[in-house]
Amino acid sequence: MNRLLLAAYPEPYRSRQGEELLACLAEAYPGRSRPPAREVAALVRAGVQARARAVVDDTARPWWLDGIHLAALALAALALVPYLQDVWHWALHINPGQHAITFRFSGWYPWAEGPTRIRLLPYGLLPLGCLIALLRGRPWIALPAAAAMIWAGATSHGRTVFGDEGMAGLSYYGLGAPITARDLVLSGALFAACAVLAACRPSRLRRRSYRWLAPVALAMFVAGSLHIISVSPAFQRGLFVLEVAALLAAWVATAATGDYRWLIPVAAVAIVRMQAIVVQPNGFMRSFPDLVVLILLIAPLPVLAIAAQRQQSRALLE
């Protein structure tokens, strides 16, 4: 567990002070596989702050470009989340039977859609392709995948390739109203972000390791193995915890550096989800009243802005 906590810190810090930190933990808490919860929270927070400072110290790219890159990653992950089970079943040639909710023909066999009997694809492959390409700093590959998401949601032809969700897939993102593939705000915002990134020099974009896909693979394994669909209570609780953790990480990073880049992905996700609540006030899922959810989505934006401003003022005084 102690070595797992080191993953919160950037690689240069781990190579310089990792063993020293492990020795201090072993000395402070002998015989324990992990420190107390309060110490774990403090170590994770310090790790997030160290990573944030390392990002800000890297002047190879402007803060707004890095923020748009983070926003594109967040939107791609947001679009992928409801289809985790579908992609897992499709990749492993599993027929989910009655558990196939969002992708009725999930599996790997020739499905009959007219006389051609073509093989359908899960819609989740598109945001997954965007996510992988963006992680590796290749937005020109993510751009056509985002365009295909718009095409699948805007035209009836999407059904012949991506099954039912090309028309009106069952997609539900945490608190608030459901967002289907037909709702083009999410895919349009992702396309716009990818277009901005593709217009920049590739060397200016941050390239992340494939290890960042490990949580995605784990989520697919859990959703596919346990048949957890996006409208189940377990799915909603897990997604809510993940969103809260992401907001806390953004707040810690912003408060530590005074940088506004983490405000961009938070704002992008909030705008997409608020739009779904406003446009679909009578959606079939309600975790909390609409006004409560809207406040929860809007509140982090001024909090992050104030945290950045306070850190900048403190830095000027010093």
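Here are some friendly notes on the predicted model shown above.

1. **Overall make-up.** Let's start with the whole chain. It is built from 15 helices and has zero strands. Of its 318 residues, 45% are buried. Among contacts with a separation of 6 or more, 74% are between residues 24 or more positions apart.

2. **Salt bridges in general.** How many salt bridges does a search of the whole structure find? The search gives six. Asp58, Arg61, Asp66, Arg206, Asp259 and Arg261 are joined in a network of such bridges.

3. **Asp66 and Arg206.** These two side chains form a salt bridge, with N and O 3.1 Å apart. Asp66 belongs to helix 4 (residues 63-80), while Arg206 sits in the loop between helix 10 (184-198) and helix 11 (214-226), so the bridge ties together parts that are 140 residues apart in sequence. Both ends are covered: Asp66 is buried, with a relative accessible area of 1%, and Arg206 counts as buried at 15% relative accessibility.

4. **Asp66 and Arg261.** Asp66 also has a salt bridge with Arg261, and here the closest N and O atoms are 2.9 Å apart. Arg261 is found in the loop between helix 12 (233-257) and helix 13 (263-279), and Asp66 is in helix 4, so this pair ties together parts that are 195 residues apart in sequence. Arg261 is another buried residue, at 2% relative accessibility.

5. **Arg273 and Glu243.** This pair also meets through its side chains, in a salt bridge of 2.8 Å from N to O. Arg273 is part of helix 13 and Glu243 part of helix 12, so the bridge ties together parts that are 30 residues apart in sequence. Are Arg273 and Glu243 buried or exposed? Both are buried.

6. **Arg136, a buried charge without a bridge.** Arg136 lies in the loop between helix 6 (125-135) and helix 7 (139-154). Although buried, Arg136 has no salt bridge, and the nearest side chain of opposite charge, that of Asp66, is 14 Å away. What does lie by its side chain? A polar atom of the Arg136 side chain is 2.9 Å from the backbone oxygen of Arg208. Leaving aside residues up to four places away in sequence, Arg136 touches Arg207, Arg208, Ser209 and Tyr210.

7. **Helix 5.** Helix 5 (residues 84-91) is mostly covered, with seven of its eight residues buried. Those buried residues are Leu84, Gln85, Asp86, Val87, Trp88, His89 and Trp90. After the helix comes His93, which has a positive phi, near 60°.

8. Rolling a probe the size of a water molecule over the atoms shows where empty space is left. In this model, the search finds two cavities of 30 Å³ or more. Which residues line the second largest cavity? Its lining consists of Val81, Pro82, Leu84, Gln85, Ala223, Ile228, Ile229, Ser230 and Phe235. Two of these names come up in the helix 5 point as well: Leu84 and Gln85 are buried residues of that helix, and they also line this cavity.

Terms used
Residues numbered from 1 in each chain as written. Predicted model: local features only at pLDDT ≥ 70, side-chain atom pairs only at ≥ 80, totals over all residues. Heavy atoms only, no water. Helix = DSSP H or I, 4+ residues; strand = E, 2+ residues; numbered from the N terminus. Buried < 20%, exposed > 50% of the residue type's maximum accessible area, 1.4 Å probe, protein only. Lys, Arg positive; Asp, Glu negative; His and termini not counted. Salt bridge = Lys/Arg side-chain N within 4 Å of Asp/Glu carboxyl O. Polar contact = N/O pair within 3.5 Å; in protein donor to acceptor, adjacent residues only side chain to side chain. Contact = heavy atoms within 4.5 Å. 1 Å grid on protein atoms, 1.4 Å probe; cavity = no way out; pocket = protein on both sides within 12 Å on 5 of 7 lines; lining within 4 Å. Points joined across faces, edges and corners; volume = space filled by probe spheres on them.
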